[in-house]
Amino acid sequence: MEISMPPPQIYVEKTLAIIKPDIVDKEEEIQDIILRSGFTIVQRRKLRLSPEQCSNFYVEKYGKMFFPNLTAYMSSGPLVAMILARHKAISYWLELLGPNNSLVAKETHPDSLRAIYGTDDLRNALHGSNDFAAAEREIRFMFPEVIVEPIPIGQAAKDYLNLHIMPTLLEGLTELCKQKPADPLRWGLPMLPRLVLNSWSQVIFLPRPPKVLGSQIWLADWLLKNNPNKPKLCHHPIVEEPY
């Protein structure tokens, strides 16, 4: 009897790196160090964040005494965000950075990046994600279109869908039924209630089948506008800087 085995799930760990505003002029030499340390730069953006967007990014530090100074510092000029990839990218990048406080780094890890480029405990030159959950959230904040691996499968995928996808999709479908977008073509979309039943393990009663193309386009636009992985403060758009 032949037993079929699932294909191996191969992925390269990714982390978020940020070159902070006061040392963006050192980007080229920092990128050279990154590449020589075995990392691949998967994506790169030069941008400027508003104080509100910085508050969103550092939300776990909200309430700490240094928080206002941190958001002011991070929004003081353009910064460079990069997705770095390699084996054990998160831990290797943190090791390369050294201690958070650049003054401590200069004493204990003089060859670390924060010792070389940082100034003090606030202006510490570079950022790195602390763990996988932080890397996933921070990469999605800076690069909303990126898929962070490993892609969940089995029960993990179901849990992810129920927690992160279904609430937004249900809200969008409910709003779709209220709006009933006009469409010059025929009524249709008979598979929608069945899809809802099979994937969500619950029945959603649609009062009337929505029109085919109009409803699909309306729902797609709504999901783009209400993507929960996008930065929350849409009234302060991220300003891209030229390369």
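D32 is partly exposed, with a relative accessible area of 39%; here buried means under 20% relative accessible area, exposed over 50%, and partly exposed in between, for a 1.4 Å probe and protein chains only. The structure is a predicted model, in which local features need pLDDT of at least 70 and side-chain atom pairs count only at pLDDT 80 or more, while totals for chains, interfaces and linings use all residues. Residues are numbered from 1 along each chain as its sequence is written, and side-chain values use heavy atoms, with hydrogens and water left out.

The partner of D32 in a salt bridge is R36, with the closest N and O atoms 2.9 Å apart. A salt bridge is defined as a side-chain nitrogen of Lys or Arg within 4 Å of a carboxyl oxygen of Asp or Glu. R36 counts as exposed, at 61% relative accessibility. Both residues belong to helix α1, where a spacing of 4 residues separates them by about one helical turn. Helices (H or I, at least four residues) and strands (E, at least two) are DSSP runs, numbered from the N terminus.

Helix α1 spans residues 27–36, and its buried residues are E27, I30, Q31, I33 and I34. Seen down the axis of α1, these residues fall within an arc of 155 degrees, so they line one face of the helix; the arc is that of the directions from the helix axis to the C-beta atoms. E28 and R36, on the other side of α1, are exposed. The buried residues of α1 pack against β1 (14–19), β2 (40–48), β3 (79–85), α4 (89–97), α6 (113–117) and β4, contact meaning heavy atoms within 4.5 Å. G38 follows α1 and has a positive phi, near 95 degrees.

A one-sided arrangement is also found in helix α3 (residues 67–74), whose buried residues are F67, L70, T71, Y73 and M74. These fall within an arc of 160 degrees when seen down the axis of α3, so they line one face of the helix. Among the elements covering the buried residues of α3 are β1, α2 (51–57) and β3.

In total, the structure holds 6 salt bridges. One of them joins the side chains of R137 and E60, at 3.3 Å from N to O. R137 lies in helix α7 and E60 in the loop between α2 and α3, so this pair ties together parts that are 77 residues apart in sequence. R137 is partly exposed at 31% relative accessibility, and E60 is partly exposed with a relative accessible area of 45%. D120 forms a salt bridge with R123, whose closest N and O atoms are 2.9 Å apart. D120 is buried, with a relative accessible area of 16%, whereas R123 is partly exposed at 36%. Salt bridges that share partners join E60, K61 and R137 into one network.

The volume of the second largest pocket is about 400 Å³. On a 1 Å grid over the protein atoms alone, a pocket is an open set of points where a 1.4 Å probe fits, with protein on both sides within 12 Å along at least five of seven lines; lining residues have an atom within 4 Å of a point. Grid points are joined across faces, edges and corners, and a volume is the space filled by probe spheres set on the points.
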